[in-house]
Amino acid sequence: MERDNQTWVSEFILLGLTSDWDTQVSLFVLFLAMYLVTVLGNFLIVLLIRLDSRLHTPMYFFLTNLSLVDVSYATSIVPQLLVHFLAEHKGIPFLSCAAQLFFSLGLGGIEFVLLAVMAYDRYVAVCDPLRYSVIMHGGLCTRLAITSWLSGSINSLMQTTITFQLPMCTNKYIDHISCELLAVVRLACVDTSSNEVAIMVSSIILLMTPFLLVLLSYVHIISTILKIQSTEGRRKAFHTCASHLTVVALCYGTTIFTYIQPHSSPSVLQEKLISLFYAVLTPMLNPMIYSLRNKEVKGAWQKLLGQFSGLTSKLATG
């Protein structure tokens, strides 16, 4: 199914990580286990926040959104990756490739904006604690969450549309693990300068701007913490931000260097490893970070496990 045999291909071939069968089987087992942990971990975080009224606060409202974004992002890439590990033919239909790019790019953008929103939440909690409940009211939290989802989705729709309007000629081999933006743009048989400019502009808006807002928030947060007289007070104030700061470091990382300057981007192998990091490792680690480094979440886990243990004991003795 080719149109004019020059501008249209019916499917793309994803070259993936390796062509060695034994390695592919090993990677299949590894990434399947990590994906299941990701889905389970994020589902449990959302369930825990839903069940424990003590976690019905703005911070955990945004964490619920983050968990939904993480599991959705992983799902947009990992299942296809797993199928290709075991398949002899590693093709992906044109429309499926476009859909994968739309969802993965959109969810990535949503996450970056959401992390900036969460940084603002921590800024208010530390720098203006007496007015926290007044400032971070339900209506504002909902609007901020909606803004995060809309901004990422609109940017992704624009990027996906202009990318898949490029003539691909007979190029159909994508040297990547998924239909990633830069990898697809490289297939075009025309000048892609305008696309690269669009990528850079959207990266500044959806990546660098949120990142700078996060930095600005933490400059004020650290300044406020240093003014606290007691060591215990400083420790508690920093502890409220530690989990979010760790996730920020994980999520922003090398993404900035990948998309801000497409011409000087990392090698193809580095791009694949970066994609794996954000599709597999980060969504799996985020629930662990918020569980292990957060006393409120650990307390909620202990309460939930205690209730479950009591229920099972009653059923066993009944």
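Which two cysteines form a disulfide, and how far apart are their sulfur atoms?

## About the model

This is a predicted model, in which local features need pLDDT of at least 70 and side-chain atom pairs count only at pLDDT 80 or more, while totals for chains, interfaces and linings use all residues. Residues are numbered from 1 along each chain as its sequence is written, and side-chain values use heavy atoms, with hydrogens and water left out.

## The disulfide

The pair is Cys97 and Cys179, with sulfur atoms 2.0 Å apart; a disulfide here is a pair of cysteine sulfur atoms within 2.5 Å. A search of the whole structure finds 1 such link. The bond between Cys97 and Cys179 is left-handed, with -125° about S-S. Cys97 sits in helix H3 (residues 94-127), and Cys179 belongs to the loop between strand E3 (173-174) and helix H6 (181-185), so the link ties together parts that are 82 residues apart in sequence. Helices (H or I, at least four residues) and strands (E, at least two) are DSSP runs, numbered from the N terminus.

Both Cys97 and Cys179 are buried. As used here, buried means under 20% relative accessible area, exposed means over 50%, and partly exposed lies in between (1.4 Å probe, protein chains only).

## Two other cysteines

Cys127 is partly exposed at 26% relative accessibility, whereas Cys141 is buried at 5%.

## Salt bridges

Side chains of opposite charge can pair when their charged atoms come close. The structure holds 4 salt bridges, each one a side-chain nitrogen of Lys or Arg within 4 Å of a carboxyl oxygen of Asp or Glu. One of them joins Asp52 to Arg54, with 3.0 Å between the closest N and O atoms. Asp52 is buried, with a relative accessible area of 5%, but Arg54 is partly exposed at 49%. Asp128 and Arg131 also meet through their side chains, at 3.0 Å from N to O. Here both partners are partly exposed: Asp128 has 25% relative accessibility and Arg131 has 47%.

Another salt bridge connects Lys272 with Asp175, where the closest N and O atoms are 2.8 Å apart. This pair links distant parts of the chain, 97 residues apart, with Lys272 in helix H10 (residues 268-292) and Asp175 in the loop between E3 and H6. Lys272 is buried, with a relative accessible area of 8%, and Asp175 is partly exposed at 33%.

## Enclosed space

On a 1 Å grid over the protein atoms alone, a cavity is a set of points where a 1.4 Å probe fits but cannot get out, and its lining residues have an atom within 4 Å of a point. There are 3 cavities of 30 Å³ or more.

Which helix gives the most to the lining of the second largest cavity? Helix H2 (residues 58-86) does, with 3 residues. The lining includes Leu14, Thr18, Gln24, His84, Lys90 and Ile177. By class, the lining of this cavity divides into 6 nonpolar, 5 polar and 1 charged, where Ala, Val, Leu, Ile, Met, Phe, Trp, Tyr, Cys and Pro count as nonpolar, Asp, Glu, Lys and Arg as charged, and the others, Gly among them, as polar.

Methods: 1 Å grid on protein atoms, 1.4 Å probe; cavity = no way out; pocket = protein on both sides within 12 Å on 5 of 7 lines; lining within 4 Å. Points joined across faces, edges and corners; volume = space filled by probe spheres on them.
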